[in-house]
Amino acid sequence: MPREETDAPEATNSPDTTDVADAAGGASAARPRRPSHWRMLGRDRAAAVGAVIIAVVALVALFGRPAIGDRARRQELDASLRPPSLDDGVYGLLGTDVLGRSMVARLVEATATTLSVAVPAVLCSLAIGSALGLWAGYHGGRRESVAMRVADVILSFPSLLIAVVVLYVFSPSALNLVLILAVTRIPVYLRTARAEAAELRSRLFVDAARTFGTPSRMIIYRHVLPIALPTLLTVATLDFCFVMLTESSLSFLGIGIQPPDVSWGLMVAQGRQYLQTAWWITVLPGLAIVLTTVSATVLAAWARIATDPAQRWRLTLPKRRRPRSAPVPPEMIP
Amino acid sequence: MIPFLRTRILSSAVPLVCVVLGVFFLARMTGNPVDLYLPLSATPEQRAEFSAAHGFDLSIPVQLWNYLTDAAHLDFGTSLRTGRPAGEMVFDAFPVTLQLAGVTMLLAVTGAVLVGSLAAYRPNSPIDRIASLLSMTAASIPDFWFAVMGVLVFGVSLGLLPTSGTIGGPEIWVLPVATLLIRPFGVLVQVVRGSMVTALSAPYVKIARSKGATPRRVVFGHALRNAVTPVLTVAGDLAVGLVNGAVIVETIFGWPGIGKLMIDSILQRDFAVLQAAVLMTAVTIFALNILVDVCHALTDPRVRQAVPA
Amino acid sequence: MTTTSPPTRSDADTPALDVEGLCVELSTPSGTVRAVDGVSFSVRRGRTLALLGESGCGKSMTALSVVGLLDPAAAVTGGAVRVRGDDTLRMSPAQRRRLAGPVLSIVFQDALTALNPVQPVGRQIGEPFRIHRRLSRRQAREKAIELMTRVGIPEPRQRARSYPHQFSGGMRQRLLIAMAVALAPDVLIADEPTTALDVTVQAQIMRLLRDLQDERDMAVVLITHDLAVVAQRADDVVVMYAGTVVENGPVRDVFAAPRHPYTRGLLDSVPEDSVRGRPLPAVPGSPPELSAVPAGCVFQARCPLVRERCVRERPVPRPAGEGRSAACHFSEELDRA
């Protein structure tokens with residue numbers, strides 16, 4: 001409130017520099033309500049389509065196998081290499097392979113196999129990498145530098161090559177595949193989680209918790225993890241693509257999933273020799289991989305923005321000004 | 001600059017040492033390394049003979065010493081398949097892969113800098129959106145499928161390009177390089193775009209514009225060199241990842257490079273060659289990391305002075 | 001100067017910079033908001049005008065629109081920015097670039113981020129000569145060294161090869177100023193040039209700015225939230241609040257007898273010895289969100305004089321004495337208080 005006397009000019013001689021901002025009261029204005037994630041997803045058409053595709057793939061992987069029974073393996077040699085057609089029922093829709101096996105059934109089966117390698121591998125590396133990273137980042141010091149150095153070592157070597165060498169020494173089985181993929185991807189989460197934890201450990205609320213004598217395990221779990229989790233999940237979505245691609249490559253090269261099991265990468269490899277006569281055996285599983293990975297990438301790009309409070313507003317903008325994508329974070333590169 | 005390089009060389013050497021030791025112990029972890037070297041059909045007598053000839057019956061420290069001195073002399077044993085020294089086979093294959101990878105990285109980096117800068121100059125413009133969506137797709141297409149599709153469309157259906165082999169004119173390069181290119185290009189476009197958006201919104205870019213600099217001067221004279229640090233890091237990592245791609249591309253197109261050599265030696269269980277190829281790759285990656293660090297120091301004066309912990 | 005028409009230095013009637021009814025809109029999640037609403041002011045060569053206001057009042061946005069450096073999310077939607085009589089808002093990008101440097105120039109607050117970290121400073125300071133006068137690298141370098149000497153950088157010849165991170169904060173600000181005055185612009189905009197600096201360095205920088213202004217006969221627009229800087233340094237002051245100009249006039253007159261309750265509140269909140277022991281008066285409340293600026297007077301929520309008319313009708317700037325104006329329905333009452 002202005003004072004009674006009008007001696008304002010004296011103020012101009014004051015040696016103190018005074019911010020106008022100081023004159024303002026401290027009351028913070030009400031923030032506009034934060035839009036829900038579902039609505040933001042609906043507004044970004046590409047991300048919405050991506051989410052639907054991922055959901056369909058997940059449902060097929062979960063419920064597809066019981067529905068098709070043994071059709072993925074049932075051979076009908078007189079129905080060999082039939083092109084896609086509408087005349088042979090659901091199972092003939094996408095044609096047959098050289099042994100007369102239904103492509104629809106094989107694709108469903110391959111979806112389940114591919115995801116049963118990729119999802120556990122991603123979850124393992126997410127859990128182990130995040131735990132180690134949060135622990136290292138929160139404590140800092142020697143624990144941090146050792147963890148980071150180990151991550152550097154693993155990351156500085158092509159993951160396919162590690163997998164190739166290990167699968168040479170051990171036998172290529174689904175379990176070994178999951179393990180090797182999980183190990184090679186741990187550093188990605190370790191780095192991300194460490195960066196987040198190192199940033200958070202100096203925040204006031206962590207200090208406060210420490211002052212109350214909360215054990216560091218609890219601080220990490222209650223205060224650090226919830227804040228780091230959205231970032232880690234985004235990285236995991238993107239990493240899911242990478243793991244899937246690596247599994248497909250290994251299967252394609254013949255050192256991943258072994259017949260009679262079937263995965264998308266293996267299907268492409270099996271179809272290669274019939275490329276000139278039966279394109280559908282190679283093209284369709286490849287398309288399945290591309291659709292899934294592109295969807296996951298688009299979804300991850302959206303999630304990066306949606307879970308970042310500083311950037312979330314971009315998704316609520318009218319169409320003309322909305323950015324479509326965020327760059328791939330450097331830690332995602334193999 | 002010198003202390004900086006020394007630190008970087010030391011820290012880049014750690015992975016190299018790990019790989020060298022890793023290969024040694026991995027071979028012995030599964031029990032008898034002789035099983036790795038010899039075909040499954042080998043008789044017990046052959047195994048014993050081989051074991052004695054290569055010192056696998058000695059103690060582990062002695063074996064390690066022999067392994068290290070042999071590796072230092074580039075002696076990696078003899079290929080079971082061809083009877084040639086494994087080291088020689090690797091040195092024959094290496095230039096093929098190096099050429100392929102070099103051409104690919106050159107194209108990927110120049111292309112990505114142009115496309116990424118163009119996209120970043122007007123964020124959210126149609127150009128930016130198309131570039132972003134295309135680069136995301138490019139980064140998520142499986143390279144082996146892309147190669148097979150390339151063969152199907154350009155080789156089989158249109159008959160424009162050869163489907164395999166290294167004999168012929170420039171057209172033999174098209175499909176292999178394109179296959180290797182898509183992923184690094186897709187990823188790099190996104191990285192260039194991201195760091196250019198950041199650089200272009202920096203105050204020093206505003207100041208450059210306030211001096212009357214043209215858009216070209218602003219982008220290439222001021223922003224690009226600041227945006228280059230993350231691009232270099234990622235390009236280095238992608239170059240390491242090219243080994244993954246080389247395995248695929250060389251297998252599909254029948255190029256006698258190091259990737260094909262590795263896959264062949266795995267499928268035919270030729271451990272001496274595999275070991276030589278892996279060690280050679282590790283050394284190359286070590287050199288590559290040093291090269292990236294030198295580039296960092298050249299582009300950023302702050303890096304030259306700081307000695308990383 | 002090799003570009004544009006001969007400068008109108010002799011023509012004392014044309015202001016070097018004349019801003020009229022400038023409006024800037026900003027895209028936000030909740031729609032478009034008006035960040036700058038009808039701001040007008042003008043400044044002649046050799047004079048200093050201060051744009052005074054709290055952070056977020058639109059003063060920096062005004063400055064950036066004058067030099068054409070607004071972010072993509074913001075756009076000028078109305079008004080005119082006349083430099084030597086020509087409206088820059090109607091110029092092509094190329095025409096504007098020709099003005100940037102020789103006619104209009106800007107100094108930013110944070111000199112560390114405003115200098116390119118990967119270029120030697122000598123090259124950055126010489127750049128205006130390369131762009132506008134087409135000098136060779138060597139000649140531009142000599143010019144840069146001259147300028148560095150002028151702004152008081154010791155050993156300029158050696159230091160021209162150094163990078164920004166090798167200078168102290170005050171030195172960096174000097175470098176930035178050297179770059180801005182390189183081509184002796186008609187108008188220099190200084191956006192909080194001393195906020196990031198120590199108090200002693202602040203005084204040196206302000207003195208340097210004043211000397212350069214006298215030497216080169218520049219019009220200076222000083223953007224600040226610091227009342228003391230305005231009092232010591234400026235000839236005229238424009239007080240901004242929530243994107244609008246609330247009061248405008250010669251500093252001496254405005255500070256002696258403010259005609260707007262906001263200006264009055266600001267001046268009252270300066271600490272003084274005479275009131276030691278009493279709580280420091282402050283303007284209660286905080287400025288309105290840009291998305292919720294009221295229909296009537298922008299200051300109504302915090303004004304001690306608020307009446308029913310203020311809610312209904314937005315006051316337009318009215319003459320309030322010699323060369324002054326204030327946007328308040330009841331500005332006369334402040335004299336009587």
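**Notebook: strands, helices and a chain contact**

I began with two strands of chain C: strand S3 (residues 48-52) and S8(C) pair in the parallel sense over five bridges. For my own reference, strands pair if DSSP finds at least two bridges between them. Helices (H or I, at least four residues) and strands (E, at least two) are DSSP runs, numbered from the N terminus.

Two notes on the source. This is a predicted model, in which local features need pLDDT of at least 70 and side-chain atom pairs count only at pLDDT 80 or more, while totals for chains, interfaces and linings use all residues. Residues are numbered from 1 along each chain as its sequence is written, and chains are lettered from A and ligands numbered from 1 in the order in which they are written.

**Entry 1: around S8 of chain C**

I looked up one residue pair first: C:Thr48 has C:Val220 of S8(C) as its bridge partner. Strand S7 (residues 187-191) of chain C also runs parallel to S8(C), joined to it by five bridges. There I found C:Ile189 opposite C:Val221. Together with helix H8 (residues 199-216), S7(C) and S8(C) form a right-handed β-α-β unit. Right-handed means that, with the strands pointing away from the viewer, the path from the first strand over the helix to the second runs clockwise.

Is S8(C) mostly covered or uncovered? Strand S8 (residues 219-224) is mostly covered, with six of its six residues buried. Buried means 20 or more other C-beta atoms within 10 Å of the residue's own, exposed means 12 or fewer, and partly exposed is in between, with C-beta atoms placed from the backbone. I checked both faces: C:Ala219, C:Val221 and C:Ile223 are buried on one side, and C:Val220, C:Leu222 and C:Thr224 on the other.

**Entry 2: the open sheet of chain C**

Next I traced an open sheet of four strands in chain C, with the order S2-S1-S4-S5 and antiparallel pairing. Its edge strands are S2 (31-43) and S5 (86-87), each pairing on one side only. Helix H1 (residues 59-67) of chain C packs on this sheet and touches S1, S2 and S4; its direction makes about 110 degrees with that of S1(C). Contact here means C-beta atoms, placed from the backbone, within 7 Å. The axes are lines fitted to C-alpha atoms, for helices over the stretch in contact, and angles run from 0 to 180 degrees between N-to-C directions.

**Entry 3: two positive phi values**

I then looked at C:Arg134, a residue other than glycine whose phi is positive, near 55 degrees. C:Arg134 sits in the loop between helix H4 (121-132) and helix H5 (137-150) of chain C. I noted that C:Arg134 is exposed, with 10 other C-beta atoms within 10 Å. C:Ala184, also not a glycine, has a positive phi of about 45 degrees. C:Ala184 lies in the loop between helix H7 (169-180) and S7 of chain C and is partly exposed, with 17 other C-beta atoms within 10 Å.

Chain B has 13 helices and zero strands. Of its 309 residues, 44% are buried. Its C-alpha atoms fill a box of roughly 80 × 55 × 30 Å along the principal axes.

Terms used. Two residues are in contact if their C-beta atoms, placed from the backbone, lie within 7 Å.
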